[in-house]
Amino acid sequence: MEICIIGAGHVGLVTGACFADLGNQVICVDSDPKKITRLKKGKVSFYEPGLEELVAHNLKQKRLSFTTRIAEGVQKSQVIFIAVGTPPQPDGDADLTAVENVCQEIAQAITRYRLIVEKSTVPVETGKWMRHTLKAFIRKKVPFDVASNPEFLREGSALKDFTHPDRIVIGVESQRARSLLRELYKPFQAPLVMTDLESAELIKHASNAFLATKISFINAVATLCERVGADVEKVALGVGLDHRIGTAFLDAGVGFGGFCLPKDLEAFIRIAEKLGYDFSLLKAVKQINEDQRRGLLQKVERQLWNLKDKKVGILGLAFKPDTDDLRFAPSLEIISSLSKAGAQVRAFDPQAMEAAKGLMNGVTFAKDPYELAKGCDCLVVLTEWNEFKELDFKRLKRLMRQPVVIDGRNLYDAESLRRLGFRYVGVGKGKQKDARS
Ligand code: NAD
């Protein structure tokens with residue numbers, strides 16, 4: 001099948017490369033000319049395991065091509081996916097101007113039937129607006145369909161998630177659109193949820209809101225654990241082994257970040273409001289998430305007394321492991337608050353330091369965790385990278401000025417670190433003592 005993907009970012013490029021790998025002819029369009037120039041050489045401008053190799057391979061096989069011109073993609077393809085960004089506006093609403101602009105350009109380029117699919121995460125009823133815009137800007141009376149096919153991949157495991165999804169959700173309004181998408185997804189072995197446009201749109205927002213709710217729920221339980229001396233990891237296991245609940249997304253920590261959960265939660269609250277429903281449950285989820293970040297800062301303060309001129313080492317900047325994505329990462333807010341309080345912040349991340357350099361003023365960067373620890377009063381873990389799991393803590397202790405670890409991801413065993421002489425504070429791991437006790 002001939003496919004066009006508009007927006008060659010974390011979702012669009014993965015979608016394009018994976019569909020091309022299945023034998024489809026794919027053209028990816030992006031408005032960023034630098035990105036397209038690099039992609040034409042097989043270079044990907046963000047870190048996603050395996051993606052650069054897949055892009056290069058399919059480029060070589062001539063199944064994947066790149067352009068900055070939407071018209072070119074529309075002319076060559078029967079199915080057009082829109083995978084542009086839908087960032088939050090200051091009031092939390094999803095900014096859909098890129099989706100609207102793309103629809104206008106598609107409408108102007110259409111000369112034959114096309115199926116336009118929303119892949120970006122959008123509020124319910126966006127499909128209706130897309131149809132309206134396409135109709136308004138189309139020159140001749142050309143038939144088209146709009147469909148919704150939300151994406152559930154996770155950065156860091158995007159290729160596997162895309163090719164082996166838990167389910168494929170397709171919202172359509174016509175038999176023709178249904179057949180085209182069914183055909184395209186035929187090679188995938190996953191349950192297909194065929195529905196109307198609005199239900200498909202709601203499935204995506206509801207899924208992310210539910211995942212965010214699980215995280216905030218366990219973080220609230222973690223706070224109770226700290227008050228009574230319980231261990232949230234044991235509590236989460238005991239709760240999660242109930243198959244109706246499940247253990248996934250029950251990891252207490254510094255809270256969720258990234259380009260999906262925070263903005264989608266906010267956008268879901270906003271669209272509910274517009275539809276006349278106060279989604280107070282999700283407002284509490286958001287509040288708990290914000291409290292987690294503040295709580296972590298308080299933990300640093302309780303160990304170091306004053307933050308002014310204290311050297312704080314941040315282990316991990318990306319919002320999750322195996323990505324260099326810093327969008328809405330907890331590290332941004334935490335580092336900014338530490339710096340404002342006068343701390344000297346140094347950071348190390350295996351992949352995200354290049355991206356961080358442009359975003360974090362006054363932060364210095366170390367080449368590895370040991371250089372990071374030199375002279376530090378405290379290490380703060382913000383991303384659970386695999387390579388942080390087996391650090392040489394005896395060596396770290398010798399390098400640090402004060403042996404303090406604030407573990408925002410519960411990566412380490414509290415007892416082992418305490419035995420080595422560290423003051424260790426996790427999330428929901430026993431009674432929280434300050435340095436004086
Ligand atoms: P991204 O920023 O990585 O990619 C978006 C791309 O669209 C960029 O390359 C940008 O240059 C391009 N673009 C913007 N306006 C354009 C235009 N008018 N014409 C052509 N290209 C344009 O974003 P992303 O992370 O891929 O997210 C895209 C959508 O997918 C969002 O709605 C997001 O919520 C959703 N989503 C993201 C993930 C994820 O893990 N990142 C997962 C599922 C869904």
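Author: Buried means under 20% relative accessible area, exposed over 50%, and partly exposed anything in between, with a 1.4 Å probe and protein chains only. The model is predicted, so local features need pLDDT of at least 70 and side-chain atom pairs pLDDT 80 or more, while totals for chains, interfaces and linings use all residues. Residues are numbered from 1 along each chain as its sequence is written, and side-chain values use heavy atoms, without hydrogens and water.

Reader: What percentage of the 437 residues in the protein chain is buried?

Author: The count runs over the protein chain, with its 437 residues. The buried share is 54%.

Reader: How many helices and strands does the protein chain have?

Author: Helices (H or I, at least four residues) and strands (E, at least two) are DSSP runs, numbered from the N terminus. The protein chain comes to 17 helices and 14 strands.

Reader: What is the radius of gyration of the protein chain?

Author: This value is taken over C-alpha atoms; the globule rule is 2.2 Å times the number of residues to the power 0.38. For 437 residues the rule gives 22 Å, and the chain comes close to that, so it is as compact as a globular protein of that length. The C-alpha atoms fill a box of roughly 75 × 45 × 40 Å along the principal axes. The radius of gyration is 24 Å.

Reader: Among contacts between residues at least 6 apart in sequence, what percentage joins residues at least 24 apart?

Author: Contact means heavy atoms within 4.5 Å. Within the protein chain, the share joining residues at least 24 apart is 72%.

Reader: How many aromatic pairs does the structure hold?

Author: A pair of aromatic rings is described by the distance of the centres and the angle of the planes. Rings of Phe, Tyr and Trp (its six-membered ring) pair if their centres lie within 6.5 Å; planes under 30 degrees apart count as stacked, over 60 as edge-to-face and the rest as tilted. The number of pairs is eleven.

Reader: How many residues apart in sequence are the parts that Phe393 and Tyr412 tie together?

Author: Phe393 and Tyr412 pair edge-to-face, at 4.8 Å centre to centre and 80° between the planes. Both residues are buried. Phe393 lies in helix H16 (residues 393-399) and Tyr412 in the loop between strand E13 (404-407) and helix H17 (414-419), so the parts tied together are apart in sequence by 19 residues.

Reader: Which residue lies over the face of Tyr370?

Author: A charge sits over a ring if NZ of Lys or CZ of Arg is within 6 Å of the ring centre and within 35 degrees of the ring normal. Tyr113 has Arg176 over its face, at 3.6 Å from the ring centre. Over Tyr370, at 3.9 Å from the ring centre, lies Arg395.

Reader: What is the phi of Phe249, which is not a glycine?

Author: Most residues other than glycine have a negative phi, and most peptide bonds are trans. Glu125, in the loop between strand E5 (114-118) and helix H6 (126-137), has a positive phi of about 85°. Phe249 sits in the loop between helix H10 (232-240) and helix H11 (261-274) and is partly exposed at 29% relative accessibility. The phi of Phe249 is positive, at about 65°.

Reader: How far apart in space are Gly171 and Leu197, C-alpha to C-alpha?

Author: Gly171 lies in strand E7 (residues 168-171) and is buried, at 0% relative accessibility. Not counting residues up to four places away in sequence, Gly171 touches Ala147, Ser148, Thr195, Asp196, Leu197 and Ala200. Gly171 and Leu197 are 26 residues apart in sequence, and in space their separation is 4.2 Å.

Reader: How far from Cys376 is the nearest cysteine sulfur?

Author: A disulfide is a pair of cysteine sulfur atoms within 2.5 Å, and the structure holds zero disulfides. Cys376 is buried at 0% relative accessibility, and Cys378 is buried with a relative accessible area of 0%. The nearest sulfur to Cys376 is that of Cys378, at 7.9 Å.

Reader: Is Glu390 buried or exposed?

Author: Glu390 is found in the loop between strand E12 (378-381) and H16. Its C-alpha atom is separated by 9.8 Å from that of Leu411, 21 residues away along the chain. At 73% relative accessibility, Glu390 counts as exposed.

Reader: What distance separates the C-alpha atoms of Leu281 and Cys28?

Author: Leu281 belongs to helix H12 (residues 280-304). Leu281 is exposed, with a relative accessible area of 51%. Leu281 and Cys28 are 253 residues apart along the chain, and their C-alpha atoms are separated by 39 Å.
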